[in-house]
Amino acid sequence: MPVEPASDHAPHHAPPHVHGEACGCGHVHARPVDPTALVSARGLVFTRGGRDLISGVDLDVASGEIVTIIGPNGAGKTTLVKLMLGIEQPDQGVVLRPSETRIGYVPQRFEVDRAIPMTVERFLALGLTVTPAAVLSALRETGAERTASQQLSKLSGGETQRVLIARALLRNPHLLVLDEPARGVDYVGEADLYELIGRLRDSRKLGVLLISHDLHVVMAKSDRVICLNGHVCCSGKPEAVAQHAEYARLFGPQAASALAVYLHHHDHAHDLSGTAHPVTEPAEARPPDGGPAARETR
Amino acid sequence: MFDFPEPFVLRALAAGIGLAVVAAPLGCIVVWRRMAYVGETLAQSSLLGVALGLALNIDLTLAVIVAAVIAALVLTAFGRQKLLALDSVLGLMHHAALALGVIAIALLKGPSIDLMSYLFGDVFAVTTSDLFWVYGGGAVVLALTVWLWRPLVRLSLHEDLATAEGINPRTPRALFDILLAVTIAVSMKIVGILLVMAFLVVPAVAARPLASTPERMAVIAALVAAVSVVAGLALSLYTDAPGGPSIVLAMCGFAAISLLAMGRRAS
């Protein structure tokens with residue numbers, strides 16, 4: 001599998017995008033925008049205090065794909081997501097959010113001030129035209145129906161995340177954006193949460209853009225991992241990124257070996273079909289529409 | 001001490017209860033957004049409005065509203081700069097406005113003017129034209145508060161989430177600052193510059209332990225405020241205590257009872 005460093009401005013390999021490849025193509029400039037993408041960014045630059053927090057980032061998320069952003073603290077992960085959502089405006093570059101793309105957002109820190117009384121039910125319906133039945137059904141879908149009449153400020157970390165995902169689902173999103181959903185959640189809760197996200201992607205054909213603080217759990221389910229450190233260091237399939245030199249430089253060689261251990265474990269624990277995945281899958285050609293076909297082989 | 005309420009008592013009651021209902025929902029949002037210090041600064045800036053009104057010989061309530069709204073706009077502009085923390089800006093503006101207001105009034109009217117009535121209010125001096133401000137202006141403020149309620153609640157909960165969901169945070173925030181300025185300016189007559197924020201914030205604090213949703217908190221805060229106006233005015237009439245501080249004391253009493261009850265339930 002060819003692995004190229006992102007800083008190498010090599011011409012883009014023509015026929016398209018091969019999944020499973022850490023090609024660093026996020027860095028190739030003036031890449032044409034995929035018209036079927038749920039959200040696209042080209043050449044994003046975001047500068048604060050004379051420092052480029054984000055420089056030259058391209059990013060697309062297609063329907064039905066899970067894209068995970070990893071990177072060290074201060075790498076600009078949250079900033080990038082805020083740019084993609086329109087919460088912040090880039091200093092250079094463009095973010096294209098087709099008007100028909102509905103986005104559900106699960107922010108990183110959702111610590112509700114105890115001064116604000118708010119039941120989960122009331123929060124889910126706030127500003128939306130939804131029936132109480134729809135609210136309960138969304139809570140059931142995320143496994144948080146027990147919290148319906150509880151106060152938002154008293155939920156545990158995992159419950160809060162599930163309630164936030166339920167609110168996102170009530171907007172009937174095409175794209176789910178989650179900023180470190182596993183923060184403040186224990187190890188088991190974290191695996192459950194990622195399982196839920198994977199299930200929602202499958203049942204609702206959602207595109208998912210996820211920031212992960214801990215790549216070991218999420219990576220196996222991701223279609224694409226983007227390693228960010230202000231710029232895109234490398235990107236591709238989880239296994240490919242883990243072996244990438246840039247990744248090893250950012251996270252240390254231990255992280256790469258820890259990841260390999262996890263992938264092995266994951267194949268046994270979570271494969272519903274019972275067949276074991278090879279740790280390094282052959283690269284799959286991605287269908288031009290970015291549809292779910294590529295996933296069905298997983 | 002009195003058999004039937006005198007007209008001045010009725011006017012005081014009418015103004016106090018009307019303002020209580022208008023101010024309570026705004027007070028809740030002030031508490032949620034931790035804006036008490038912003039409100040204090042707007043209130044102290046109102047004193048400059050008094051000076052302005054005396055100098056130009058125009059309606060004092062109108063002059064105070066204009067000054068408070070200008071202060072709100074200045075604060076909004078200051079809020080965008082990153083050089084100084086908003087807290088520092090408020091600390092500067094709040095005391096500068098108070099000092100400047102006191103000096104301006106003293107120079108304009110000489111030492112004979114009753115500064116106390118501006119600082120602590122004079123609820124029993126409420127006139128019929130004040131009632132027009134309370135009910136006319138109050139109805140507009142209340143209607144706008146209802147209209148802005150959901151965006152403001154969502155922005156108070158989580159600004160990034162609300163923005164990502166399509167709310168432009170600037171418009172509701174700026175309108176809220178103006179509503180707050182108008183309410184403070186009109187309330188000043190009753191409880192005075194130094195106590196006006198208590199009039200907004202304390203009923204909200206008292207209502208919090210009793211409420212499970214934002215709407216209930218606003219309604220309970222309005223009830224607490226209205227009952228406090230009646231209790232405070234009664235206290236004032238029976239003991240000759242000043243009216244505005246009596247109302248605020250009654251509010252604080254309710255808040256203390258409510259918080260104690262919550263503390264007992266939690267333990």
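How many residues of chain B are in contact with chain A, and how many of chain A with chain B? In this predicted model, 19 residues of chain B are in contact with 17 residues of chain A. Chain B has 11 helices and zero strands, while chain A has 10 helices and nine strands. Here's a quick tour, starting where the two chains meet.

**Where the chains meet**

- Sorted by class, the side of chain B that touches chain A has nine nonpolar, five polar and five charged residues.

**Chain B overall**

- Reading along the sequence of chain B, you get α-α-α-α-α-α-α-α-α-α-α.
- The radius of gyration of chain B is 18 Å, close to the 18 Å from the globule rule for 267 residues, so chain B is as compact as a globular protein of that length.
- Taken along the principal axes, the C-alpha atoms of chain B fill a box of roughly 55 × 45 × 35 Å.
- Buried residues account for 49% of the 267 residues in chain B.
- If you take the contacts in chain B with a separation of 6 or more, 75% of them are between residues 24 or more positions apart.

**Helix α6 of chain B**

- This helix covers residues 128-157 and bends by about 55 degrees at W149(B).
- A proline, P151(B), follows the bend within four residues.

**The nonpolar core**

- In soluble globular proteins, nonpolar side chains tend to be buried together.
- The largest nonpolar core here has 157 residues, and the ones touching the most other members are V177(A), A68(B), A181(B), A221(B) and M251(B).
- α1(B) gives the most to this core, with 13 residues.
- Leaving out residues up to four places away in sequence, A68(B) touches L42(B), S45(B), S46(B), G49(B), A181(B), V182(B), I184(B) and A185(B).

**Chain A: overall numbers and a hairpin**

- Of the 298 residues in chain A, 44% count as buried.
- For contacts in chain A between residues at least 6 apart in sequence, 67% join residues at least 24 apart.
- Strand β8 (residues 224-229) of chain A pairs with β9(A) in the antiparallel sense, over five bridges.
- N229(A) sits opposite H231(A) of β9(A).
- The hairpin of β8(A) and β9(A) has one residue between the strands, and G230(A) takes a positive phi near 80 degrees there.
- Strand β9 (residues 231-236) of chain A is largely enclosed by the rest of the structure, because six of its six residues are buried.

**S156 of chain A**

- You'll find S156(A) in the loop between α3 (132-141) and α4 (157-170) of chain A.
- S156(A) and V185(A) are 29 residues apart in sequence, with their C-alpha atoms 8.3 Å apart in space.

Definitions and conventions
Residues are numbered from 1 along each chain as its sequence is written. Chains are lettered from A and ligands numbered from 1 in the order in which they are written. This is a predicted model: local features need pLDDT of at least 70, side-chain atom pairs count only at pLDDT 80 or more; totals for chains, interfaces and linings use all residues. The bend at a residue is the angle between axes fitted to the seven residues ending there and the seven starting there. Helices (H or I, at least four residues) and strands (E, at least two) are DSSP runs, numbered from the N terminus. The radius of gyration is taken over C-alpha atoms; the globule rule is 2.2 Å times the number of residues to the power 0.38. A residue is buried if 20 or more other C-beta atoms lie within 10 Å of its own, exposed if 12 or fewer, and partly exposed in between; C-beta atoms are placed from the backbone. Two residues are in contact if their C-beta atoms, placed from the backbone, lie within 7 Å. Ala, Val, Leu, Ile, Met, Phe, Trp, Tyr, Cys and Pro count as nonpolar, Asp, Glu, Lys and Arg as charged, and the others, Gly among them, as polar. A nonpolar core is a set of buried Ala, Val, Leu, Ile, Met, Phe, Trp, Tyr and Cys residues joined through C-beta atoms within 7 Å. Two strands pair if DSSP finds at least two bridges between them.
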